[in-house]
Amino acid sequence: MISRLDMFDVLMEVDPTFQPVWDAFADKWRDQTELPLYLALGDLARHVIGKLEGGQVRELQHIFAVVERWLADGDELVREATTIGLLEDLQNRNLHKTTSPDQLKQWLGPRSAAQWIEVERFWSGQIAKA
């Protein structure tokens, strides 16, 4: 089971270019007892979108394989944070300057594709807000 403590270690194995972003994030929040996971996932969303905008799409296959692992093997917090903290941010059109969220769909695995659709349904009002 992947916990919040090791989910980014799994990511860095496949995308070491995220390490400087992670290091800056961890340094900024070093005095906290728990790192704000959702903010880190927002940084990851911007990192992924930056790769898409820069044409560095080769790495996206590996990043989304990790996302799929988080959803399959993550504890409840990891699964929820992956959906709300990452997939929802990736769908945020305001974060895309020259790209579209739909361009990322090709790298989604079965679990992340299902969660992607759930987020779309939620924001379109097809799922009642809690």
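## A walk through the helices and salt bridges

Start by selecting helix α2 (residues 19-28) and helix α3 (residues 37-53): they pack at an angle of about 155°, their axes 11 Å apart. (Axes are lines fitted to C-alpha atoms, for helices over the stretch in contact, and angles run from 0 to 180 degrees between N-to-C directions; helices are DSSP runs of H or I, at least four residues, numbered from the N terminus.) That angle makes α2 roughly antiparallel to α3, a label for angles over 145 degrees. The crossing of the two is right-handed, meaning the near helix is turned clockwise from the far one by less than a right angle.

A word on the model: it is predicted, so local features need pLDDT of at least 70 and side-chain atom pairs count only at pLDDT 80 or more, while totals for chains, interfaces and linings use all residues. Residues are numbered from 1 along each chain as its sequence is written, and side-chain values use heavy atoms, with hydrogens and water left out.

Now show side chains. From α2, pick Val21, Trp22 and Phe25; across from them in α3 are Leu39, Ala40, Asp43 and His47, in contact when heavy atoms are within 4.5 Å. By class, this contact has five nonpolar residues, one polar and one charged.

Next, jump to helix α1 (residues 7-14).

Time for the salt bridges, of which the structure holds eight; each is a side-chain nitrogen of Lys or Arg within 4 Å of a carboxyl oxygen of Asp or Glu. Select Asp15 and Lys51, whose side chains meet at 4.0 Å, N to O. This pair links distant parts of the chain, 36 residues apart: Asp15 sits in the loop between α1 and α2, Lys51 in helix α3. Buried or exposed? Asp15 is buried at 1% relative accessible area, and Lys51 is buried at 3%.

Then try Asp27 and Arg30, bridged at 2.7 Å, N to O. Asp27 is partly exposed at 43%, whereas Arg30 is exposed at 57%.

Last stop: Arg121 and Glu118, with their closest N and O atoms 3.1 Å apart. They are three residues apart in helix α6 (residues 110-123), so about one helical turn separates them.

Definitions and conventions: Parallel < 35°, antiparallel > 145°, perpendicular 65-115°, else oblique. Nonpolar A, V, L, I, M, F, W, Y, C, P; charged D, E, K, R; others polar. Buried < 20%, exposed > 50% of the residue type's maximum accessible area, 1.4 Å probe, protein only.
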